[in-house]
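Subject: Model for your files

Hello,

Here is the model I said I would pass on. My notes on it follow below.

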Amino acid sequence: MKSHTEDDVRRVLTRRGRWGFSEIAFWLVAVATLVFMPDRHLILNEIAIIALFALSLDLILGYAGIVSLGHAAFFGLGAYVAGILAQQGIGNPLIGLAAAALAAAILGLATSFLVLRGSDLTKLMVALGVALILGEVANRMAWLTGGADGLQGVNVSPLLGLFEFDMFGTTAYAYSLTVLFVLFVLARRVMASPYGLSLRSIRDNPLRARAIGIPVNRRLVVIYTLAAAYAGSAGALLAQTIQFVSLDVLAFHRSADVMLVLVIGGAGYLYGGIIGAVVFKILQDYLSDLTPQYWLFWIGLILVLLVLMDRERMVSKARTLWKRTANRLTHRAEPLATTRTAREI
Amino acid sequence: MLTILFDGVAYGMLLFVLACGLAVTLGLMNFVNLAHGAFAMAGGYVTAVLMNRYGIPFLLTLPFAFLVPSLTGLVLERTLYKRLYTRSHLDQVLFSIGLVFMAIAAIDYSMGSQQQLIQLPTWLLGRADVLGIQIGRYRSFIIAVCGILVVVLQFILTKTRFGSRLRAAVDDRRVACGLGINVSMIFAVTFAVGSGLAGLGGALGAEILGLDPTFPLKFMIYFLIVATVGGTTSITGPFLASLLLGIADVAGKYYVPSFGAFVIYTLMIVVLVLRPQGLFARAR
């Protein structure tokens with residue numbers, strides 16, 4: 001009986017790690033935009049960068065349940081590291097990307113010990129404080145960062161020595177999309193592993209997770225560091241593809257925006273950040289055309305409405321509907337298996 | 001030196017009036033309300049509009065600066081905030097940031113993005129020389145007003161029936177409910193008064209802190225520091241925290257101007273790391 005349950009559990013858990021048809025289709029569509037929408041590459045590049053940033057927030061918010069309002073700290077640090085390297089003559093984009101990710105990861109590791117304490121509010125405040133201090137540092141160290149004028153003269157050499165960054169953003173978009181895809185696959189792999197499952201259990205019930213022997217703090221430190229590295233990479237992509245860095249990358253509204261992006265797409269299944277980024281950018285494009293100055297008002301309204309409409313209930317409703325239609329199409333009665341297994345345990 | 005201390009105390013008192021509502025909201029309902037600054041901004045703008053458009057004297061505008069935000073707060077609490085008490089902190093953060101953004105854009109739209117200037121009455125201008133210390137008249141006025149408010153609040157909280165109910169509800173909401181205390185009503189009243197006080201603080205502080213549409217975001221962190229560092233169980237905690245913050249901020253800006261902002265943020269992180277439950281609160 002016991003071995004039977006074990007097999008069932010293993011099957012259900014490994015099935016999660018398998019690539020589904022819709023996922024493959026999703027990435028094929030993403031590649032298709034590279035070929036079929038040549039005049040939109042600049043905005044698509046921005047979408048890919050925001051998506052990567054939101055993905056990094058998803059790692060800590062969706063999988064570890066840490067509410068952070070200071071995530072821009074890592075994004076900004078990555079952008080400045082990549083930008084300054086390129087400005088100082090080390091123009092190879094991949095070296096810049098790696099350096100930015102590493103720098104952000106170190107900052108993430110160092111601050112994780114401060115952030116992962118106390119209640120939700122304390123976490124939020126400390127993360128916010130770190131971002132504010134970093135913004136202040138960037139502002140003061142004008143000799144290095146250009147201060148309020150922004151970092152000028154960022155020269156990025158051709159990618160792999162072959163592809164020049166052009167003004168239509170084609171190379172930029174291909175580069176960002178590739179980085180996004182590689183990091184996404186990595187995140188997906190990590191989250192399907194036993195480590196990722198233990199993170200989920202921490203998010204759902206930290207007390208119980210600790211009781212069954214999961215080293216809660218160590219797990220959270222690791223994921224916080226990883227998420228910081230992701231955010232740093234996103235910042236590096238921004239700095240390299242638009243070849244300019246300003247204090248704006250560390251601003252509060254960036255942390256708030258990325259949270260909105262993730263919430264639009266839904267946290268906790270990795271695709272939320274990407275879908276949210278697409279919706280967010282389209283909305284921004286449309287609404288800023290309508291009322292250029294008051295874009296902030298619409299962001300606020302969307303946030304308030306999203307919360308009042310109770311996303312979780314809507315998402316779970318949509319999910320059951322989706323499963324039902326998917327089952328009807330494939331004539332399988334699989335989802336029942338999960339509930340039955342849970343009861344047997 | 002003493003002048004800086006004096007200015008710091010005035011600044012801290014102002015912060016206390018601005019933030020004490022937030023401390024109570026946090027303690028009572030465990031609600032993370034980042035939109036508290038929006039009520040303060042509303043109060044500031046009420047005073048600015050009444051003075052500059054209708055020529056009403058400064059002192060007479062102050063009651064309105066209290067009433068308008070507190071009524072707005074009451075309406076919002078009953079219609080929107082009420083639904084979010086049981087939700088996750090993430091939802092509360094998102095909701096209140098949304099409110100802040102809407103408030104900023106709405107004020108920007110209706111009033112313009114420039115700084116609002118208010119003309120103080122002449123008897124509040126200038127400095128007086130008391131025992132060799134330079135003392136700003138307006139700052140002494142602020143200290144007096146805020147001091148009276150602190151005493152009144154402390155009296156209400158410790159001596160009246162409403163105060164003891166409020167403290168009971170903060171201590172343990174479920175037990176208070178079980179004892180027949182109408183926690184929901186208490187909370188609505190407290191929220192309204194807290195918003196009103198924030199509005200009053202915004203009006204009093206328009207001269208010192210400046211008043212433009214980004215006010216709620218600029219000072220959000222200060223309010224949150226007062227509430228988290230001070231703890232939420234009593235009124236003395238936030239009060240001491242705001243005094244400390246005010247003095248540290250003014251002194252930091254005066255002595256080490258290039259590190260002005262660092263002082264506050266570093267202090268906050270250090271305090272929160274060492275005492276996550278607040279400087280003056282008991283650990284639970």
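Helices here are DSSP runs of H or I with at least four residues, numbered from the N terminus. Please bear in mind that this is a predicted model.

By that definition, Thr228(B) belongs to helix H9 of chain B, which covers residues 215–230. Is Thr228(B) buried or exposed? Its relative accessibility is 9%, so Thr228(B) counts as buried, the cut-off being under 20%. A polar atom of the Thr228(B) side chain lies 2.6 Å from the backbone oxygen of Leu224(B). In general, an α-helix has 3.6 residues a turn, so residues three or four places apart point the same way.

Next, helix H8 of chain B. This helix runs over residues 183–209 and bends by about 35° at Ala203(B). Of the 27 residues of H8(B), 21 are buried, so the helix is largely enclosed by the rest of the structure. Gly210(B) follows H8(B) and has a positive phi, near 85°.

Two helices of chain B give two or more residues each to the nonpolar patch: H1 (2–29) and H10 (236–255). Leu2(B) is in helix H1 of chain B.

Then the annotations. For chain B, an unreviewed UniProt entry places "transmembrane region" at residues 12–34, 54–76, 88–107, 138–158, 179–200, 220–247 and 254–274. I looked at two of these spans in the model. Residues 88–107 of chain B are 95% helix and 0% strand, with the end C-alpha atoms 29 Å apart. For residues 179–200 of chain B the figures are 82% helix and 0% strand, and the end C-alpha atoms are 34 Å apart.

For chain A, UniProt (again an unreviewed entry) lists the feature "transmembrane region" at residues 20–37, 49–82, 94–115, 121–138, 172–191, 258–280 and 292–309. Residues 172–191 of chain A are 100% helix and 0% strand, and their end C-alpha atoms are 28 Å apart. How far apart are the end C-alpha atoms of residues 258–280 of chain A? They lie 10 Å apart, in a span that is 78% helix and 0% strand.

Regards

Technical notes: Residues are numbered from 1 along each chain as its sequence is written. Chains are lettered from A and ligands numbered from 1 in the order in which they are written. This is a predicted model: local features need pLDDT of at least 70, side-chain atom pairs count only at pLDDT 80 or more; totals for chains, interfaces and linings use all residues. Side-chain values use heavy atoms; hydrogens and water are left out. UniProt positions are given in the numbering used here, feature names are shortened, and annotations may be inferred rather than shown by experiment. Buried means under 20% relative accessible area, exposed over 50%, partly exposed in between (1.4 Å probe, protein chains only). A polar contact is a pair of N or O atoms within 3.5 Å; within protein, one must be able to donate a hydrogen and the other to accept it, and residues adjacent in sequence count only if both atoms are side-chain atoms. The bend at a residue is the angle between axes fitted to the seven residues ending there and the seven starting there.
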